[in-house]
Each structure stands twice: as structure tokens, then as C-alpha cells.
Amino acid sequence: MLLGSIEAGGTKFVCAIGTEDGKILDRITIPTRTPDETIPEVIAFFRKEKISALGIGSFGPIDVKKNSPTYGHILKTPKLPWQNYPFLQTLQDALEVPCGFTTDVNAAVLGEYVYGAGKDADSCLYVTVGTGIGAGAVFRGELLEGMSHPEMGHIIVRKSPDDPFEGVCPFHRDCLEGLASGPAIEKRWGRKGAELADEKKVWELEAYYLAQAVVQYTMILMPEKIIIGGGVSNQAAIFPLIRRHVREMINGYITAPAVDEKISDYIVSPGLRGDSGIVGGLVLAKRALEQAG
Ligand code: ADP
Ligand code: ZN
């Protein structure tokens, strides 16, 4: 049996065909233009093979409430051609298979939970630090969702007194995403993150903000693992800095070994490297098929 998976991002769509045990057999990358340009290519790719179900992890914000009239739509995105686009419906109508639909980070956390760094845990959280910051969490196999999907990139953080940067979030300016996303790093320091590898102060400040996020996620949710992915996390040197700040900020209040001597197993890189989202889409597809009976 073959399953389909889409990781829909702001710059590219990754589409894959894989198996029910999470193996990718074929994949293509399609640039994100307008829906009229991109979606027909996506559909053509999946029509080549007989897939039994499809899982979609999409950039957001999206409507994930199954009883909502706009379930499966992209909502108020700055990518105007995609605003109000009935993403799920269009693919379901074209491919006529059960489809799962969630955010890109929710798909990623599912992939990591089932096959990656979270596979031995009952709960885990995945945060991506890239063009934006977003996170998803799984508890006992279920994605965390309330009235909508979480927006954990837009939490309010304490500014470092040494950081005069005003932030880049168009909604909140100096929320976590506004201060610590890839574009925030680039605007603050005048160069892309990848070119700043040797600048210690860049990563010290970045770790200070990401550690605050980890502490907040920890205090609120107590996941068993926090996985940090996305382009900025390619700076491997940031992990020890984040762990050190997290320990200092928690200051002994939580006695679990995960935030103390075992913190290297608590704050980790993705087990599936860059494939968390696309493999997670296969998990979503499998679940959609099971639900459809
Ligand atoms: P997206 O979030 O668009 O899906 P990425 O996760 O690759 O894509 O994130 C892109 C962002 O990550 C850009 O702002 C880029 O400058 C930054 N980035 C990519 N590689 C690195 C790196 N090695 N070190 C620091 N920042 C990086
Ligand atoms: Zn924000």
C-alpha cells in the first residue's frame, strides 16, 4: 500500500510517496507560486501512483477544526494568493482518497514521535526555528489542539537588556519569532545566520531567547522531549548554550533529570533530520485511512 505526503512551505512544496511504515520511496520539490500554478503539479505527481491516503502538513495559519465550514482552508496568510484557499478540499476532490490535514510543525512532531527522536517517549514537542518559529506537540499519540493549532512561536519573551533590536514580527514585533527567527538574526546582525557561525555573541543571544521558549513549553506542558529543528538549528553550537540557559532559568525548581543531568537527552536535534515533516505526513495519511475505516 502506498501513501502520499505533502510538506507545504512558503517557498516550496515537498511531495512524497511512501509506505505505511514511514519509508519514502519517491519525492519531488515544487516551488510555491500561486495555487493555480503549484497545485496542478502536486496533483499530477500523486496521480502517477495509486495512493491509498494523503497527509498534508501546511504552512499556516490554517483551519484544523473538523466541524468548521472552512476546515482545511488556509486562513489569513501574508501569502495573498493562498488566503482562504480550500487546500484540503481541492486535493481530496482531485485524488479521492482520505486526507489528513494539519500544520507543518504538527506533521513534523508526528514524524518525530513515531519514527524519530521521540519514538521512545509518550510525549514530545517539536519546534522549528527557520523563516518563522512554530511548534507542535504530541501527547499519548494525539496532537495538541484546542480552538485551533498552537502558535508557540509568538509567545512573549523577556528582552535581553543588551539587545536594542526591535524585532521583526509584523503582529507583535518582539515576540519569540520577532527576536529569534532566521530573518530576525539577519536583520539584527546584518548578515545571514549561516555566515555568523563564528560570532559567539549571536548564538549566546539566540540561545537566551530559545531557552526562554523551552522553559515556557516545559513549565506549561512538561513534554518528555523537546526537539529543535529548522534552518537556524543547523548551528549545532547553539544546543549546549540553550541547555545551559534552560538549567539556569529553571534554577532547580523542576527536579526531573530531564532538565538537569539528562538535559542532553531532553533538548535534542530531529532524529529524522530534514525529513520530520514529510515522514509525519505519511503518519497523518495512515491515520486518515484508519479513521475512514
Ligand atoms: P523555512 O523555515 O523557510 O522552511 P528553514 O528551516 O531552512 O526554512 O529556515 C530558513 C532560515 O534559517 C533562514 O532565515 C536562514 O537564514 C536560516 N538558516 C539556514 N541555515 C542556517 C544556518 N546554518 N545557520 C543559521 N541560520 C540558518
Ligand atoms: Zn509574533
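**Loops, rings and a buried glycine**

Trainee: Where is the place of Asn251?

Mentor: Asn251 sits in the loop between helix H7 (238–250) and helix H8 (263–266). Helices (H or I, at least four residues) and strands (E, at least two) are DSSP runs, numbered from the N terminus.

Trainee: What should I know about the model itself?

Mentor: This is a predicted model, in which local features need pLDDT of at least 70 and side-chain atom pairs count only at pLDDT 80 or more, while totals for chains, interfaces and linings use all residues. Residues are numbered from 1 along each chain as its sequence is written, chains are lettered from A and ligands numbered from 1 in the order in which they are written, and side-chain values use heavy atoms, with hydrogens and water left out.

Trainee: Back to Asn251: is it buried or exposed?

Mentor: Asn251 is exposed, with a relative accessible area of 65%. Buried means under 20% relative accessible area, exposed over 50%, and partly exposed in between (1.4 Å probe, protein chains only).

Trainee: And what is its phi?

Mentor: The phi of Asn251 is positive, about 55 degrees, although this residue is not a glycine. Most residues other than glycine have a negative phi, and most peptide bonds are trans.

Trainee: Which other residue has a positive phi without being a glycine?

Mentor: Asn84 has one, with phi near 65 degrees. Asn84 belongs to the loop between E4 and H2, and its relative accessible area of 51% makes it exposed.

Trainee: Which peptide bond is cis?

Mentor: The bond from Gly60 to Pro61 is cis, with omega near 0 degrees. Pro61 lies in the loop between strand E4 (51–58) and helix H2 (87–95).

Trainee: Changing topic, how many helices and strands does the protein have?

Mentor: There are nine helices and 10 strands. The radius of gyration is 19 Å, close to the 19 Å that the globule rule gives for 293 residues, so the protein is as compact as a globular protein of that length. That radius is taken over C-alpha atoms, and the globule rule is 2.2 Å times the number of residues to the power 0.38.

Trainee: How much of it counts as buried?

Mentor: Of the 293 residues, 52% count as buried.

Trainee: How many aromatic pairs are there?

Mentor: The count is 10 aromatic pairs. Rings of Phe, Tyr and Trp (its six-membered ring) pair if their centres lie within 6.5 Å; planes under 30 degrees apart count as stacked, over 60 as edge-to-face and the rest as tilted.

Trainee: How are Tyr85 and Phe87 arranged?

Mentor: Their ring centres are 6.3 Å apart and their planes are at 45 degrees, so the pair is tilted. Both Tyr85 and Phe87 are buried.

Trainee: What about Gly281, buried or exposed?

Mentor: Gly281 is buried, with a relative accessible area of 0%, and its place is in helix H9 (residues 276–292). Contact means heavy atoms within 4.5 Å. Leaving aside neighbours within four places in sequence, Gly281 is in contact with Gly4, Ser5, Gly55 and Ala107.

Trainee: And what does Thr11 touch?

Mentor: Thr11 touches Pro31 and Thr32, not counting residues up to four places away in sequence. Thr11 is in the loop between strand E1 (2–8) and strand E2 (12–18), and at 66% relative accessibility it counts as exposed.
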